Amino acid sequence: MGIFPTSVPLRYLFARLQRHGIRQIRTGWADGPEFVTQCPIRPGGSYTYRFTIQGQEGTLWWHAHSSWLRATVYGALIIRPKEGDSYPFPKPKRETSLLLGEWWDANPIDVVRQATRTGASPNISDAYTINGQPGDLYNCSSKDTIIVPVDSGETNLLRVVNSALNQQLFFTVANHKLTVVGADASYVKPFTTSVLMLGPGQTTDVLITADQPPARYYIAARAYASAQGAPFDNTTTTAILDYKSAPCPAKGVSIKPVMPILPAFNDTATATAFTKSFRSPRKVLVPTEIDENLFFTVGLGLNNCPSGSSPANCQGPNGTRFTASMNNASFVLPSSFSLLQAHQQGIPGVFTNDFPASPPVKFDYTGNVSRSLWQPIAGTKVYKLKYGARVQLVLQGTSIFTAENHPIHLHGYDFYILAEGFGNFNPNKDTAKFNLIDPPLRNTASLPVGGWTVIRFVADNPGVWLLHCHLDGHITWGLAMAFVVENGIGELETLEAPPSDLPLC
């Protein structure tokens with residue numbers, strides 16, 4: 001876990017890691033995703049990430065951004081207020097980071113390699129974890145269940161991170177209310193709830209008051225699985241909120257903690273009510289005049305089995321291979337240079353600038369989609385933005401193969417979420433729903449199952465920035481694209497030169 005004050009330069013050593021949510025102003029070389037901002041660090045090699053945190057406070061996290069290594073390589077990254085500043089709420093008695101994860105009883109790299117080879121969906125996980133431990137609802141793990149101690153009457157801060165690879169998760173604490181005060185390293189207007197829903201990549205800060213009878217209460221998380229008919233890990237991970245004043249059980253007697261009631265795995269109404277509750281603490285300056293009005297379809301697809309391929313390599317539905325895309329473009333990572341190197345050094349042939357601003361074909365995105373639209377085109381396409389461009393992006397889910405909730409993450413930026421809804425986005429009607437007063441500032445948006453989300457941001461950070469689904473199975477299939485943000489005027493609007501120890505491909 002990393003804990004840092006704001007506005008402090010940081011220089012530290014990791015391997016192919018991303019500091020998820022750090023803006024990386026002019027320091028895109030320290031962003032971390034392989035073949036996007038850097039080539040992978042070679043075995044035995046090293047690379048020092050240098051960047052300055054500016055204007056962000058709260059909970060973020062760091063994780064590997066190479067294949068599925070982040071299944072086990074991740075941790076919390078906490079940015080505290082500047083010296084002399086304080087939280088915008090009463091200082092909690094103590095703080096606890098709770099990182100939700102997924103566990104395979106296998107090497108996760110082997111899991112994704114098998115899926116890539118067969119074209120099928122990857123095997124689901126065998127367990128979820130809290131701070132690396134599954135909890136005592138699984139066999140053989142009860143002795144290592146995470147304990148969170150509390151004193152009666154005190155208010156504590158829980159920093160909850162969804163570090164899972166492929167699953168949105170509901171989170172709750174038995175018999176306790178949670179007051180949400182922050183998300184993705186931005187403060188929010190406090191609201192109270194009994195359950196959180198976090199997509200992979202999202203963080204949520206909550207205050208919890210120990211106001212129940214002294215006892216032990218389960219902290220629990222289980223899947224929110226929105227894709228109809230798709231397999232998922234239907235287990236529950238637990239930690240224990242332990243009142244230190246709780247009476248000790250008699251010798252030889254084991255008392256189970258109080259179990260919470262979690263939403264059903266397909267409870268989209270609860271997930272939606274939660275995501276729609278977020279507001280900024282005060283009026284914010286949302287871009288109102290738009291320079292780039294973008295519309296990206298987001299979803300899965302199926303590739304026909306290549307000619308001459310073995311059926312063993314085409315184990316998707318009806319002998320196909322799973323794929324995914326934005327605007328019918330399935331993203332392919334380069335292998336000889338990173339995108340940022342190619343952009344900064346003018347290296348040709350690494351990417352093309354023709355990512356479409358809207359779908360090449362307009363259709364009923366959430367209806368019965370013609371099979372002629374199920375197979376996207378593979379390529380390494382980027383979309384160029386001028387420095388300072390004011391961008392509105394409509395993210396539209398599709399029902400190609402199946403509709404699903406997608407956690408969409410933008411590197412290098414925070415953005416305002418103006419609205420979300422179900423069905424096809426209709427600019428004539430849905431624009432009236434935009435919150436231009438106090439929308440939340442996030443770096444990862446939950447795109448509703450069979451629905452849409454609208455975000456806005458100003459392109460004030462030069463470099464190459466990945467926009468992708470944070471379900472790793474989906475990014476493996478190509479559910480991503482990249483923005484190239486050009487330099488502005490002068491040094492403070494220009495990407496820094498690459499560091500001397502930048503890894504070579």
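A cavity here is a set of points, on a 1 Å grid over the protein atoms alone, where a 1.4 Å probe fits but cannot get out. With that in hand, welcome to this predicted model, in which local features need pLDDT of at least 70, side-chain atom pairs count only at pLDDT 80 or more, and totals for chains, interfaces and linings use all residues. Residues are numbered from 1 along each chain as its sequence is written, and side-chain values use heavy atoms, with hydrogens and water left out.

**Cavities**

- Searching the whole structure turns up 3 cavities of 30 Å³ or more.
- The largest cavity has a volume of about 50 Å³, where a volume is the space filled by probe spheres set on the grid points, and points are joined across faces, edges and corners.
- Lining residues are those with an atom within 4 Å of a point; for the largest cavity they include Met-197, Tyr-224, Asn-405, Ser-446, Pro-448 and Val-449.
- Two elements each give two or more residues to this lining, namely helix H2 (268–275) and strand E25 (415–422).
- Helices (H or I, at least four residues) and strands (E, at least two) are DSSP runs, numbered from the N terminus.
- H2 supplies the largest share of the lining, 4 residues.
- By type, the lining of the largest cavity holds 6 nonpolar, 5 polar and 1 charged residues.
- In that division, Ala, Val, Leu, Ile, Met, Phe, Trp, Tyr, Cys and Pro count as nonpolar, Asp, Glu, Lys and Arg as charged, and the others, Gly among them, as polar.

**Annotated domains**

- An unreviewed UniProt entry lists "domain: Plastocyanin-like" for residues 18–83, 95–245 and 354–487; UniProt positions are given in the numbering used here, feature names are shortened, and annotations may be inferred rather than shown by experiment.
- Residues 95–245 are 7% helix and 48% strand, with the end C-alpha atoms 19 Å apart.
- Residues 354–487 are 7% helix and 41% strand, and their end C-alpha atoms are 19 Å apart.

**Nonpolar cores**

- A nonpolar core is a set of buried Ala, Val, Leu, Ile, Met, Phe, Trp, Tyr and Cys residues joined through side-chain atoms within 4.5 Å.
- Buried means under 20% relative accessible area, exposed over 50%, and partly exposed in between (1.4 Å probe, protein chains only).
- The largest core has 47 residues, and those with the most contacts inside it are Phe-171, Val-173, Val-180, Leu-196, Ile-219 and Leu-241.
- Strand E16 (residues 216–224) gives this core its largest share, 6 residues.
- Another core lies apart from it, with 39 residues, among them Trp-374, Tyr-413, Ile-455 and Phe-483.
- Contact means heavy atoms within 4.5 Å.
- Not counting residues up to four places away in sequence, Val-173 touches Leu-158, Leu-178, Ile-208, Tyr-218, Ile-219, Leu-241 and Pro-260.

**The loop between E8 and E9**

- Gly-135 sits in the loop between strand E8 (127–130) and strand E9 (147–150), and Ser-141 is found in that loop too.
- Gly-135 counts as buried at 0% relative accessibility, and Ser-141 is buried as well, at 7%.
- Gly-135 and Thr-238 are 103 residues apart along the chain, yet their C-alpha atoms are separated by 4.7 Å.
- Leaving aside neighbours up to four places away in sequence, Gly-135 touches Ser-141, Ser-142, Thr-145 and Thr-238.
- With neighbours within four places set aside, Ser-141 is in contact with Pro-134, Gly-135 and Asp-136.

**The loop between E19 and E20**

- Asn-327 belongs to the loop between strand E19 (321–326) and strand E20 (329–331), and Asn-328 lies in that loop as well.
- Phi of Asn-327 is near 50 degrees, a positive value in a residue other than glycine; phi of Asn-328 is also positive, near 65 degrees.
- Asn-327 counts as buried at 2% relative accessibility, whereas Asn-328 is partly exposed at 26%.

**After strand E30**

- Glu-496 is in the segment after strand E30 (480–485) and is partly exposed, with a relative accessible area of 34%.
- Although Glu-496 and Arg-26 are 470 residues apart in sequence, they are 5.6 Å apart in space, C-alpha to C-alpha.
- Beyond residues up to four places away in sequence, Glu-496 touches Arg-26, Thr-27 and Trp-29.

Key:
1 Å grid on protein atoms, 1.4 Å probe; cavity = no way out; pocket = protein on both sides within 12 Å on 5 of 7 lines; lining within 4 Å.
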